[in-house]
Amino acid sequence: MTDTTDQKASAPVMEFQTYRAARNQWWDVWDQFKTHKGALFGLGFFIFMLLFVFVGPLIWTMDPQFIDIRARNAGSSLAHPLGTDQLGRDTLARMMAGGQTSIAVGLTAMLLALFLGTLIGVLAGYFRKIDGLLMRTTDLFLALPLLPLLLVIIMLYRDNLRAAFGPEGGIFVLIVVVIGATSWMQTARVVRGDVLAIKEREFVLAARSIGTPPHRMITRHLLPNVMSPIMVSATLGIANAIITESALSFLGLGFPSDFPTWGRLLFDATDWLTQNPERVIWPGLAISLTVLSVNYIGDGLRDALDPRIRGR
Amino acid sequence: MFDIRGAKKLVEVKNLKMHFPIRSGLLRRVTGAVKAVDDVSFDIYEGETLGLVGESGCGKSTCGRAVLRLYEPTSGSIKLDGEEIAHAPFDKLRRLRPKMQMVFQDPQASLNPRMTVAGIIGEPLMEHSKMSAKERTERIYELMDAVGLNRDFANRYPHEFSGGQRQRIGIARALALNPKFIVCDEPIAALDVSIQAQVVNLLEDLQDRLGLTYLFISHDLSMVRHIADRVVVMYLGKVAEIGPRDGLYEDPLHPYTKALLSAVPEPDPVSHDNANRTILQGDVPSPANPPKGCNFSTRCPVAMDICRRLDPEVAEVKPGRFVACHLYSETTSQTAANAAQTVGA
């Protein structure tokens, strides 16, 4: 049998070496993220979109609610680069204002759905005792007919919330909560499945043999390992939330009719499709490209956060 | 060679039972139990290596895990340094965890793929000590030196290492809190032969330097012969034989031990072909439905009538050598009668 003297011999030599200081792991993540062209492009576009909707109004100072009835249904001109709608409101200004709401709704609703889904998925997967209860609740939510439910919730709570947070704020809270509370189930199921699998891996057993309490077991060992499905759910969730918000606005249950969102712009424009087809194209393009860019960001982030893929 | 005379018992396992319930039917009622570990007792002395051998599925790993209370044992008592751990509450158990650690079989699966080596080795330190980040890094480097890993590897991830290196990371993690007792659950089974030797030598070296006590679980009889001081042979969840290594390997008492040892491959081809092997017939019975009487009676080449009726007790037949077999208890009819009484009662 060979002896392992090699490491004993090399140990004194090692004392004289200088060791590389620990590098922040987020630099590795960024390095890997940079190699994903789609993700980089998506990130660039998403930043551009954020600048467009949040910084844009500071430059293009036209009021999106200002009605110039004489310039209605105009094509693009210097005064209105993207034209005007049937009441003569500037489409560019409305795109910016609408984007603020749509992106805010998308991000907040996604975060809420993700939080709920991950929480319920992890708890159901990790604690056997509450698994049945939580997953049956999930099934219950999946079985609910969503649109009628949304209509009822909005009917019931719209006025209370409006009184509490103001007309726009109230609807924003309502829509975010409603979308978040009805779209966490897929995430919960996927996360539970992954947690069930990871829970049986030996490194979890190793952590238990160290005496790691359950909450740190979840944050240190389980959550980082279910990052991939969570990331995918997150990116799809943003898209889903923006589209659901559009659908609600479309049904006339979202924000007030004069308050622009991308979904509302799209809805208003469909009536004028034959006269002004570009009015449909702009919000449609904004929704699709934002969703696409977020999906690419999620894809790149998922790869970058996985150390097994990193560095290849 | 380790001498058990005068040594102190570090771990005492008494009547340990680990049964996994079988649920069936619409209501998932418990309809039976897989008796993975059934009434196992043994002691581990301070500073020794106790080998635990047996074929696949005989309950070796379950036994090792139950001893560290990674499973909730069905009944029995486990004492570490005089403190009961089989039924200790979480907080008390957490205080005792630093004394006992485990090295796992599959070095790939036992390391979190999302943590760096420093994170993995540092986890026990984070959990059980109040070290500052700098002290912790110092200790992690110290441990990496001890198991022969380059300090530059601290920020790498487990998938970047070979099997042997990964097992060293696992050993470094087990050593982090200066444990007294380490359960090695087939630490070399997933490694190739040359790396096995390195890891086993590392384990022996660490035992000499740090005074560790091992429970070394393996199905590799030659490796157990190399590393263990005493050996426990398990069959179908029960102890067949316990004895000092040399005695047990030279003169196995239990028919199962004989069969097991005769199955060890011989390096010399001539003696390999001419070896007078005891070949067991049939399969291992299901641990959910073990045979009546002696567990081994269905395959035992020398089974007697009594073996199918009475389960033999583990008895000391020679100094330091314990066997659960009627072949030896029968000579002293007293024991057999006692056994009959206890079973009848």
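Predicted model: local features only at pLDDT ≥ 70, side-chain atom pairs only at ≥ 80, totals over all residues.
Which residues line the largest cavity? The lining consists of A:Asp85, A:Gln86, A:Thr91, A:Arg94, A:Met95, A:Leu265, A:Asp268, A:Ala269, A:Arg279 and A:Pro283. The space inside is about 90 Å³. By class, the lining residues are 4 nonpolar, 2 polar and 4 charged.

Three helices of chain A each give at least two residues to this lining: H5, H13 and H14 (278-305). Take H5 and H13 next. H5 spans residues 91-126 of chain A, and H13 spans residues 262-270 of chain A. Two packed helices are described by the angle between their axes and the distance between the axes. Here the angle is about 130 degrees, and the axes lie 7 Å apart. Angles from 65 to 115 degrees count as roughly perpendicular, and those over 145 as roughly antiparallel. H5(A) and H13(A) are therefore oblique to each other.

Now look at the contact itself. From H5(A) come A:Arg94, A:Met95, A:Gly98, A:Gly99, A:Ser102 and A:Ile103. They meet A:Trp262, A:Gly263, A:Leu265 and A:Asp268 of H13(A). This contact has 4 nonpolar, 4 polar and 2 charged residues. A:Arg94, A:Met95, A:Leu265 and A:Asp268 take part in the helix contact and also line the largest cavity.

The model holds 3 cavities of 30 Å³ or more. Turn to chain B for its lining: B:Cys294, B:Phe296, B:Ser297, B:Cys300, B:Cys307 and B:Cys325. These residues divide into 5 nonpolar and 1 polar, with no charged residue.

Methods:
Residues numbered from 1 in each chain as written. Chains lettered and ligands numbered in written order. Heavy atoms only, no water. Axes fitted to C-alpha atoms, helices over the stretch in contact; angles between N-to-C directions. Helix = DSSP H or I, 4+ residues; strand = E, 2+ residues; numbered from the N terminus. Parallel < 35°, antiparallel > 145°, perpendicular 65-115°, else oblique. Contact = heavy atoms within 4.5 Å. Nonpolar A, V, L, I, M, F, W, Y, C, P; charged D, E, K, R; others polar. 1 Å grid on protein atoms, 1.4 Å probe; cavity = no way out; pocket = protein on both sides within 12 Å on 5 of 7 lines; lining within 4 Å. Points joined across faces, edges and corners; volume = space filled by probe spheres on them.
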